[in-house]
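Below is a report on one protein chain, written for use beside the sequence and the model. Please read it with both in view.

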Amino acid sequence: VREAAGIPGTSVRTAFLCRDKPAMKQALREGGIPCAESTGANSAEEVEAFVARVGFPVILKPRDGAGASGAVRVDHASELGAALTSLGMNRQGRSIAVEEFIEGHEGFYDTLSIRGRVVHDFATHYYPNVLEAMRKRWISPQFVATNRIDSAPGYAELKALGQKVIDVLGIETSATHMEWFAGPKGLKFSEIGCRPPGVRAWDLYNVGNDMDLYREWAMAICAARPSQRPSRRLSAGMIALRPSQDGRISGYDGLDAIGKAFGPYIIDAHTPPQGTPTQPVEAGYMANAWLRLKHENYDELRRMLDIVGQTVKVWAN
């Protein structure tokens, strides 16, 4: 409706490409963006043909999913049938995305762009990668926004990749959230959303950079210009704390020790009271308990988050 009426905003083409993963990857490969091999599949036979060409492991996911939502890693032919059933293909004839598995460290690159030009950007790292983090209860996963994006030379390639993706997809004035992998095959694009990141990552960027990104988004839309500059003063990160089992929260260990050790560096915390029903591991980083911390040194912040994960226990019964 907006495009037909001539109202400025995200085009139909851009919206489609930012939601349909196979079409997105195809457009970006044609634009010279390094991506995993991928395809859309409407049948088990099409999935099997892709695997025969690319090999295991592969990732199966909804065409319009976000992040690791609904994604399944398949390592052997014996696992393929169950994976297709979990995604609804065998029951409902659902079309899915099939991708080559890319080895490497995973992170995200978030921007605010105005008229196709990145005016604010932020880089965040996952520990461990999302698919592993969302499947294993014993892991207390982290994501950490770095304050080194303008000073460490390795981020220059990421910045260039992000701007090129925005150019190819025709993203104009918008927030973006781009996932990436860096590993033996170099820097690889994973996917992008024409939207802010989830799990309140902008809160971390605001704390780390002494700014208000929500105001900046309004400035981009209403005035077509930024009004603030990120300070890059702090790194900021979050750690998710999983309950020992599904059920109801029965108590916590280690919170007092963490408060005494890292009090000045704690941004905020969420510790559901006793009796609160737990949420499943795959529900995400903020589904149960979590803490968010800040520090001027990225490596020290990582150390602190590791200690939180080793110290705090969330009990359920």
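## Helix 9 and the residue after it

Asp210 follows helix 9 and has a positive phi, near 55 degrees. The model is predicted: local features need pLDDT of at least 70, side-chain atom pairs count only at pLDDT 80 or more, and totals for chains, interfaces and linings use all residues. Residues are numbered from 1 along each chain as its sequence is written, and side-chain values use heavy atoms, with hydrogens and water left out. Helices (H or I, at least four residues) and strands (E, at least two) are DSSP runs, numbered from the N terminus.

Helix 9 spans residues 201-209 and is mostly covered, with eight of its nine residues buried. Buried means under 20% relative accessible area, exposed means over 50%, and partly exposed lies in between (1.4 Å probe, protein chains only). The buried residues of helix 9 are Ala201, Trp202, Asp203, Leu204, Tyr205, Asn206, Gly208 and Asn209.

## Helix 9 against helix 10

Helix 10 covers residues 213-223; helix 9 packs with it at an angle of about 100 degrees, and their axes are 9 Å apart. Axes are lines fitted to C-alpha atoms, for helices over the stretch in contact, and angles run from 0 to 180 degrees between N-to-C directions. The angle therefore makes helix 9 roughly perpendicular to helix 10. On this scale, angles under 35 degrees count as roughly parallel, over 145 as roughly antiparallel, 65 to 115 as roughly perpendicular and the rest as oblique.

Helix 9 contributes Trp202, Asp203, Tyr205 and Asn206 to the contact, and helix 10 contributes Leu213, Tyr214 and Trp217. Contact means heavy atoms within 4.5 Å. By class, this contact of helix 9 with helix 10 has five nonpolar, one polar and one charged residues. Here Ala, Val, Leu, Ile, Met, Phe, Trp, Tyr, Cys and Pro count as nonpolar, Asp, Glu, Lys and Arg as charged, and the others, Gly among them, as polar.

Asp203 lies in helix 9 and counts as buried at 18% relative accessibility. Not counting residues up to four places away in sequence, Asp203 touches Tyr214 and Arg292.

## Helices 11 and 12

Helix 11 (residues 255-262) and helix 12 (residues 298-311) have axes that come within 9 Å and cross at roughly 160 degrees. Helix 11 is therefore roughly antiparallel to helix 12. Their crossing is right-handed; a crossing is left-handed if the near helix is turned anticlockwise from the far one by less than a right angle, and right-handed if clockwise.

On the helix 11 side the contact is made by Ala257, Ile258 and Phe262, and on the helix 12 side by Arg303, Met304, Ile307, Val308 and Thr311. The residues of this contact of helix 11 with helix 12 divide into six nonpolar, one polar and one charged.

An open sheet is formed by four strands in the order 1-4-2-3, with antiparallel pairing. Two strands pair if DSSP finds at least two bridges between them. Strand 1 (38-41) and strand 3 (72-74) are the edge strands, each pairing on one side only. From one strand to the next, the twist averages 25 degrees.

Strand 2 (residues 58-62) pairs with strand 4 (residues 96-100) in the antiparallel sense over five bridges. Leu60 has Val98 of strand 4 as its bridge partner, and Val58 stands opposite Glu100 in strand 4. Strand 2 is also joined to strand 3 by three bridges, and these two run antiparallel; there, the bridge partner of Val58 is Val74. Five of the five residues of strand 2 are buried.

## Helix 3

Helix 3 (residues 21-30) has seven of its 10 residues buried, so it is largely enclosed by the rest of the structure. The buried residues are Lys21, Pro22, Ala23, Met24, Lys25, Ala27 and Leu28. Their cover includes helix 2 (12-17), strand 1, strand 2, strand 4, helix 8 (155-169) and strand 9 (186-193).

## Val118

Val118 is in strand 6 (residues 117-127) and, at 18% relative accessibility, counts as buried. Leaving aside neighbours within four places in sequence, Val118 is in contact with Tyr109, Thr111, Leu112, Ser113, Gln163 and Ile166. The C-alpha atoms of Val118 and Leu17 are separated by 19 Å, and the two residues are 101 residues apart along the chain.
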